[in-house]
Amino acid sequence: VAFKLPNADGTSGQALVTDASGNLSFANTGATGWTHVNAAAIGSVNSYTWTGIPTDTQQIIIYYDSLSADGSYYPAIQIGDAGGIETTGYGSCTGYLETSYHFISSYSSRVALVRDNYGTASQIFKGVVNCWKMPNTNKWHFRATTNRDNNETFFFANGFKELSASITQVKILLNGGSFDGGNIALSYYQD
């Protein structure tokens, strides 16, 4: 096999690729692996949206620590594509376990990280959301675990959402009011 080299150099980060007929050219290499977005204080807002998530993302992890709200509200997750955050079509349930009590609720507009009767101004939440994309689809699956205050209550959430196109954004939000403390971070995996 005789390869034909390109006439000019490529640019930084490019690699030689073949067209399977012996012709070589320079092309951009796709990013693979994990990208970690720096942790940030969430500030006094109702929601925070991470944008610019690459469309070939296969997994997302959202971290939250010491989240609190200015009233009786609870945190949740929504996802979106280039057309915006999608607010319908979620299939999710959220529950909690305590020493002497447990309960589960379902949601169709978001993946709730904490059950709706547990958000109060005095509560502090910490946890993680794992999101996986089903191969060859735009369907995302969620699993979240959250602890309240000093591990007094354990919350769990599972859900799914099929986007109309490839994911480009993720939103953490409250069902009302504003966050008044806490840190958030996001990591995504490209394959």
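Are E86 and K161 buried or exposed, if you select the two together? Both E86 and K161 are buried, where buried means under 20% relative accessible area, exposed means over 50%, and partly exposed lies in between, computed with a 1.4 Å probe on protein chains only.

Before going on, note that this is a predicted model, in which local features need pLDDT of at least 70 and side-chain atom pairs count only at pLDDT 80 or more, while totals for chains, interfaces and linings use all residues. Residues are numbered from 1 along each chain as its sequence is written, and side-chain values use heavy atoms, with hydrogens and water left out.

**The salt bridges**

Keep E86 and K161 selected: they form a salt bridge whose closest N and O atoms are 2.8 Å apart, the term standing for a side-chain nitrogen of Lys or Arg within 4 Å of a carboxyl oxygen of Asp or Glu. E86 lies in the loop between β7 (84-85) and β8 (91-97) and K161 in strand β13 (residues 153-162), so the pair ties together parts that are 75 residues apart in sequence. The structure holds 2 salt bridges; select D149 and R148 next, where the closest N and O atoms of another salt bridge are 3.6 Å apart, and where both residues are again buried.

Now move to T57, which is found in strand β5 (residues 57-69); strands here are DSSP runs of E with at least two residues, numbered from the N terminus. With 0% relative accessibility, T57 counts as buried. Its side chain reaches the backbone oxygen of P54 at 2.7 Å. Leaving aside residues up to four places away in sequence, T57 touches K133, W140, I167, Y188, Y189 and Q190, a contact being heavy atoms within 4.5 Å.

**The strands around β15**

Select strand β15 (residues 179-190), of which 9 of the 12 residues are buried, so that this strand is largely enclosed by the rest of the structure. β15 pairs with β5 in the antiparallel sense over 10 bridges, where pairing requires that DSSP finds at least two bridges between two strands. To follow this pairing, display A69 opposite F179, and then S68 opposite G181. Strand β3 (residues 33-41) is also joined to β15, antiparallel, by 7 bridges, and W34 stands opposite Y189 there.

How values were computed. Helices (H or I, at least four residues) and strands (E, at least two) are DSSP runs, numbered from the N terminus. A polar contact is a pair of N or O atoms within 3.5 Å; within protein, one must be able to donate a hydrogen and the other to accept it, and residues adjacent in sequence count only if both atoms are side-chain atoms.
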